[in-house]
Amino acid sequence: MTEAENPAAAGSEPPGVRIGAYVLAGDPVWLASSLSRYYGFLDDLVVVAPEDRLGWTGRPIPVDECLEVISRVDQRGIARIVWGSWRDLIDPLRADTAQRQAGIDALGDGVDWVLQVDNDELLPEPEQLLALLGEAERRSLRAVEWPMRVLFRGRSDGSFLQVVGSDGAPRYDYPGPVAVRAGTRVL
């Protein structure tokens, strides 16, 4: 990608490093805010979507609404959809992992790094993450963790709780690697 195609990232992206991301099409609430934070740095974007519009537990999810949001953010037309079915009524996390792996696999060797940013996470200071990716590249690291602003946490009763510190200010978590090398196998 040239600087003319992506002026927001001019001079920020580590030289010669191609960055991709996958988005799970399931929750549109914060999707535009989340994706907009890092979209300008991407060389490739994969949207992993269940063709039956059912989530990991078999419940309907707003896939089409997510696709509309992504289409509005995707001003360069780099997003492509990977359709499939990821459902596991006994172990929904196994389905989640399989869907994420489908995103990593779809990006293939077309990128060096894969951003794993959930739709309810906001990437603070993306330029600093890009600098860390450059450092990780130089050190031949396999993954980079970075604090994320997690907007909601699921509760056992199926509701969601906004995540804030005791003073009501945003809280940043380390939910796992935010960037992994292309070809990574998730467990």
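The model is predicted, so local features need pLDDT of at least 70 and side-chain atom pairs count only at pLDDT 80 or more, while totals for chains, interfaces and linings use all residues. Residues are numbered from 1 along each chain as its sequence is written, and side-chain values use heavy atoms, with hydrogens and water left out.

I start with the whole chain. The protein chain has 4 helices and 11 strands. Helices (H or I, at least four residues) and strands (E, at least two) are DSSP runs, numbered from the N terminus. Of the 187 residues in the protein chain, 43% are buried. Buried means under 20% relative accessible area, exposed means over 50%, and partly exposed is in between, with a 1.4 Å probe and protein chains only. A contact means heavy atoms within 4.5 Å. Take the contacts in the protein chain between residues at least 6 apart in sequence: 74% of them join residues at least 24 apart.

Next, helix 3. Helix 3 has 16 residues, 92-107, and should span 22 Å; its end C-alpha atoms are 23 Å apart, which agrees. After helix 3 comes Gly 108, with a positive phi near 55°.

Which residues of helix 3 are buried? They are Ala 95, Asp 96, Gln 99, Arg 100, Gln 101, Ala 102, Gly 103, Ile 104 and Leu 107. The cover over these buried residues includes strand 1 (19-24), strand 2 (44-50), strand 3 (79-84), strand 4 (113-115) and strand 11 (177-181).

Now the charged side chains. Side chains of opposite charge can pair when their charged atoms come close. I count a salt bridge when a side-chain nitrogen of Lys or Arg is within 4 Å of a carboxyl oxygen of Asp or Glu. How many salt bridges does a search of the whole structure find? It finds 11. I will go through three of them.

In one, Arg 80 pairs with Asp 44, and the closest N and O atoms are 2.7 Å apart. This pair links distant parts of the chain, with Arg 80 in strand 3 and Asp 44 in strand 2, 36 residues apart. Arg 80 is partly exposed at 33% relative accessible area, whereas Asp 44 is buried at 13%.

Another salt bridge joins Arg 185 to Asp 105, with the closest N and O atoms 3.1 Å apart. Arg 185 lies in the segment after strand 11 and Asp 105 lies in helix 3, so the pair ties together parts that are 80 residues apart in sequence. Arg 185 is exposed, at 55%; Asp 105 is partly exposed, at 41%.

The last pair I will describe is Arg 138 and Glu 135, with closest N and O atoms 3.1 Å apart. Both residues lie in helix 4 (residues 126-139), 3 residues apart, about one turn of the helix. Arg 138 is exposed at 60% relative accessibility, and Glu 135 is partly exposed at 27%. There is also a network: salt bridges that share partners join Asp 96, Arg 100 and Asp 118.

On to the loops. Asp 88 is in the loop between strand 3 and helix 3. Is Asp 88 buried or exposed? Asp 88 is buried, with a relative accessible area of 15%. Its side chain reaches the backbone nitrogen of Ile 90 at 3.1 Å. Leaving aside neighbours within four places in sequence, Asp 88 is in contact with Trp 56, Arg 94 and Ala 95.

That brings in Trp 56, which lies in the loop between strand 2 and helix 2 (63-73). Trp 56 is partly exposed, at 30% relative accessibility. With neighbours within four places in sequence left aside, its contacts include Leu 24, Trp 86, Pro 92 and Asp 96. Trp 56 and Leu 89 are 33 residues apart in sequence, and their C-alpha atoms are 7.1 Å apart in space. A polar contact of 2.6 Å joins the side chains of Trp 56 and Gln 99. A polar contact is a pair of N or O atoms within 3.5 Å; within protein, one must be able to donate a hydrogen and the other to accept it, and residues adjacent in sequence count only if both atoms are side-chain atoms.

Conventions:
Expected span 1.5 Å × (residues − 1).
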